Amino acid sequence: MSGTCETAAAAPLVDYALRLADTALILGHRLSEWIGHAPVLEEELALGNIALDLIGEARALYSYAGEVEGKGHDEDALAYRRDAGQFRNLLLVEQPNGDFAQTIVRQVLYSAFAQPFWRALARSPDATLAAIAAKAEKEAAYHLRHAGEWLIRLGDGTEESHRRAQAALDELWPYAGELFERDAVEDALVAAGIAVDPAALRPEWEKNVADLLAEATLRPPASSWMQSGGRRGRHSEHLGHLLATMQFLQRSYPGASW
Amino acid sequence: MSEKSMPLWEVFIRARNGLAHRHVGSVHAADAAMALQAARDVYTRRGEGLSIWVVPSGAITASDPAEKDMMFEPTGSKIYRHPTFYKVPDDVGNM
């Protein structure tokens with residue numbers, strides 16, 4: 001398709017920023033799908049607020065990626081004119097909303113990682129990443145609080161809410177491993193202290209998630225096999241459908257603004 | 001959503017230091033912690049707040065609108081309770 005960006009051969013910092021931006025945007029878009037469908041008005045606004053936090057993070061990261069790349073791609077070009085194979089988001093965040101429990105479990109698994117991640121990235125010598133991270137950490141802290149409180153009440157609620165929360169956990173658990181992956185794209189950045197070593201965040205994530213699950217009376221899945229590939233552009237079938245909706249306007253009317 | 005599992009809470013927000021908490025509306029929530037979150041998400045989206053109170057609506061004792069004559073009518077004739085009733089002597093200057 002004409003107008004599609006070519007970012008495959010870009011510098012590691014561009015890839016790194018795109019991975020973070022794509023993950024934030026796709027999760028933000030997923031949450032925005034609840035607008036008009038949330039179980040109660042209060043949650044409609046809560047999920048919308050979180051979606052806007054995430055989309056705001058994505059915008060800042062896309063702008064930075066485009067600036068570092070230096071090929072004139074603005075945030076809209078990066079968000080709306082790349083195809084599924086060029087997206088670098090975690091597989092976890094592109095999984096469908098499912099029922100409310102599935103959305104909450106997805107949010108807990110991601111936010112329990114995002115908060116310590118942004119806290120660590122806020123110490124990066126890269127001033128732009130550090131500034132974006134400092135803002136995002138406060139947002140992620142609330143996202144974790146919000147989803148965590150819900151998970152406790154769903155898990156330790158009625159028989160039905162417990163069953164649904166456990167089913168969501170069992171289904172999404174295999175996507176958690178990708179949170180802690182690190183590859184050649186990041187090695188040099190981590191060595192320079194610019195990027196965060198995600199493996200170092202694993203003990204904190206495991207403790208926080210285990211504490212939440214215990215309070216929610218949910219059983220941690222025993223699954224040892226983990227899904228992988230999102231950060232290299234290998235996605236589940238769900239991402240294409242999401243992009244078809246999200247990118248429709250810019251694909252049909254390139255450059256449209258309002 | 002039932003009133004039993006998701007009762008009503010009244011929301012009070014203090015916008016700045018030195019101001020009182022003001023009633024801004026209500027939310028439905030399962031318990032106090034969730035009510036606080038809901039209040040934050042519904043009522044502080046434009047930087048309105050520094051502090052939030054939530055109170056179970058059932059804990060509020062309200063006056064009966066049918067008794068408004070008895071409750072409020074008697075004050076209507078007591079105009080001397082308003083500062084504007086009094087003439088300030090010129091010597092006092094601006095107050």
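Analyst: The contact takes eight residues from chain A and twelve residues from chain B; two residues are in contact if their C-beta atoms, placed from the backbone, lie within 7 Å. One caution: this is a predicted model, where local features need pLDDT of at least 70, side-chain atom pairs count only at pLDDT 80 or more, and totals for chains, interfaces and linings use all residues. Residues are numbered from 1 along each chain as its sequence is written, while chains are lettered from A and ligands numbered from 1 in the order in which they are written.

User: Which helix of chain A gives the most to the side that touches chain B?

Analyst: Helix 2, with four residues. Helix 2 (41–69) and helix 6 each supply at least two residues of that side of chain A. Helices (H or I, at least four residues) and strands (E, at least two) are DSSP runs, numbered from the N terminus.

User: And how do the residues on that side of chain A divide into nonpolar, polar and charged?

Analyst: Three are nonpolar, two polar and three charged. Here Ala, Val, Leu, Ile, Met, Phe, Trp, Tyr, Cys and Pro count as nonpolar, Asp, Glu, Lys and Arg as charged, and the others, Gly among them, as polar.

User: OK, chain A as a whole. How many helices and strands does it have?

Analyst: Eleven helices and zero strands. Its radius of gyration is 18 Å, close to the 18 Å that the globule rule gives for 258 residues, so chain A is as compact as a globular protein of that length. That radius is taken over C-alpha atoms, and the rule is 2.2 Å times the number of residues to the power 0.38.

User: How much of chain A counts as buried?

Analyst: 45% of its 258 residues. Buried means 20 or more other C-beta atoms within 10 Å of a residue's own, exposed means 12 or fewer, and partly exposed is in between, with C-beta atoms placed from the backbone. Also, residues 24 or more positions apart account for 75% of the contacts in chain A with a separation of 6 or more.

User: What about chain B, which elements does it have, from the N terminus on?

Analyst: They run β-β-α-β-α. The radius of gyration of chain B is 20 Å, well over the 12 Å from the globule rule for 95 residues, so chain B is more spread out than a compact globule. Its C-alpha trace spans about 60 × 35 × 15 Å along the principal axes, and buried residues make up 16% of the chain.

User: Back to helix 6 of chain A. Where does it bend?

Analyst: At A:A136, by about 25 degrees; that is the angle between axes fitted to the seven residues ending there and the seven starting there. Its 29 residues (127–155) should span 42 Å at 1.5 Å a residue, and the end C-alpha atoms are 41 Å apart, which agrees. The expected span is 1.5 Å times one less than the number of residues.

User: I clicked on A:P174. Where is it found?

Analyst: In the loop between helix 7 (159–172) and helix 8 (184–191) of chain A. A:P174 counts as partly exposed because it has 17 C-beta neighbours inside 10 Å. Leaving out residues up to four places away in sequence, A:P174 touches A:S223, A:W225, A:M226 and A:Q227.

User: What is the mean pLDDT of chain A?

Analyst: It's 93, and 96% of its residues reach 70 or more; pLDDT is the predictor's confidence in each residue, from 0 to 100. Over residues 1–10 of chain A, though, the pLDDT is below 50. Where pLDDT is low, the predicted coordinates should not be read in detail.
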